[in-house]
Amino acid sequence: MPSLHTLLSRGIVAFLACALIASFASAQEVPGREIWKAGDMAVTAIQDLPGEMAISLFKGPASEQEKSKYFTDGKDEAGINAFLLRTGGKVVLFDTGTGSAFKSPGKLFGTLASLSVKPEEVDFVLLTHMHPDHIGGLLREGNRAFPNAKLMVSKPELDSWLALAARDISNAPAGQIKDMADIYGADVLPFAFGDTLLPGVTALDASGHTPGHTVYRLTAGGKSLLIVGDIIHGMPLQFALPDECATYDMDPPQAIAARKRIFDLAAQKAIPIAGVHFPFANAVGMVRKDGKGWKFERMK
Ligand SMILES: [Zn+2]
């Protein structure tokens with residue numbers, strides 16, 4: 001059994017290697033797009049960067065030939081999204097895009113401005129996990145980008161990265177997470193899976209991609225939406241063949257189990273899902289059982 005330290009280190013190496021295989025282009029300024037509304041909740045998808053995932057990212061039992069049916073010229077459209085929730089007079093952001101972590105700067109802040117949301121008006125930032133393409137927007141020039149926000153992240157996620165930073169000071173991504181946690185200080189609020197974080201917002205255990213990877217369930221007016229983080233990197237491949245993992249997944253067996261659990265929940269209860277790496281035009285959709293796998297149907 002590899003140690004958590006080994007898994008985290010491997011995950012970082014895989015992440016950095018894969019950031020080269022996945023290419024993220026400079027985004028046109030895209031306004032946010034409302035994808036879901038129920039009760040007093042409204043969710044807007046924000047494209048931080050568009051991008052592509054290469055077939056070479058995915059490892060699993062399928063043959064290269066079988067996998068290739070799900071790609072065009074060995075690539076699939078993807079992207080990096082964040083989600084804005086307005087509820088009960090509060091402004092909540094799910095993930096923060098890349099900031100300046102990649103060559104092309106992320107567009108989150110430009111889009112927030114086009115939606116008339118100032119960073120200081122964001123009340124809560126909820127993280128699906130702490131890879132650089134999800135936390136890159138938390139700091140700007142070493143300061144809090146969201147000066148008034150509480151920062152919520154699962155305890156296993158935060159603890160594992162901080163433990164790695166303490167054990168290995170040369171580990172740059174873990175060190176950056178420690179700096180970020182220090183800068184947000186007492187406003188970092190770790191939670192347990194199953195907790196209700198805000199009225200109608202619950203944290204579900206989707207660990208595997210990272211040690212504390214979280215899916216958020218939003219419920220209002222009798223309806224729900226799942227913000228599924230990095231359950232999926234390649235669509236449609238991983239809906240049809242959920243045993244395929246991007247090399248970003250730190251614990252593949254656990255990541256596969258989480259993917260299937262979330263697909264089952266979404267399909268059985270007819271809950272739409274919104275993904276961080278879904279192409280922006282397909283940022284939200286329904287999951288349907290389809291033979292041994294599932295399929296995605298775009299909603300809006
Ligand atoms: Zn990611």
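**Exercise 1.** Find which residues D187 touches, leaving out those up to four places away in sequence.

*Solution.* Start at D187 itself, in the loop between α6 (172-184) and β11 (188-191); helices (H or I, at least four residues) and strands (E, at least two) are DSSP runs, numbered from the N terminus. Finally, check burial: D187 has a relative accessible area of 18%, and buried means under 20% (1.4 Å probe, protein chains only), so D187 is buried.

A word on the model: it is predicted, so local features need pLDDT of at least 70 and side-chain atom pairs count only at pLDDT 80 or more, while totals for chains, interfaces and linings use all residues. Residues are numbered from 1 along each chain as its sequence is written, and side-chain values use heavy atoms, with hydrogens and water left out.

**Exercise 2.** Work out which residues coordinate the zinc ion.

*Solution.* First, collect the donors (N, O and S atoms within 2.8 Å of the metal, or 3.2 Å for Na, K and Ca; water is not among the atoms, so sites may look incomplete). They come from D133 (OD), H134 (NE2), D230 (OD) and H277 (NE2), at 2.1 to 2.4 Å. Then follow the chain: the spacing reads D-H-x95-D-x46-H. D133 sits in helix α4 (residues 132-135) and D230 in the loop between β15 (223-227) and α7 (237-240), so this pair ties together parts 97 residues apart in sequence. Last, both D133 and D230 are buried.

Technical notes. Buried means under 20% relative accessible area, exposed over 50%, partly exposed in between (1.4 Å probe, protein chains only). Contact means heavy atoms within 4.5 Å.
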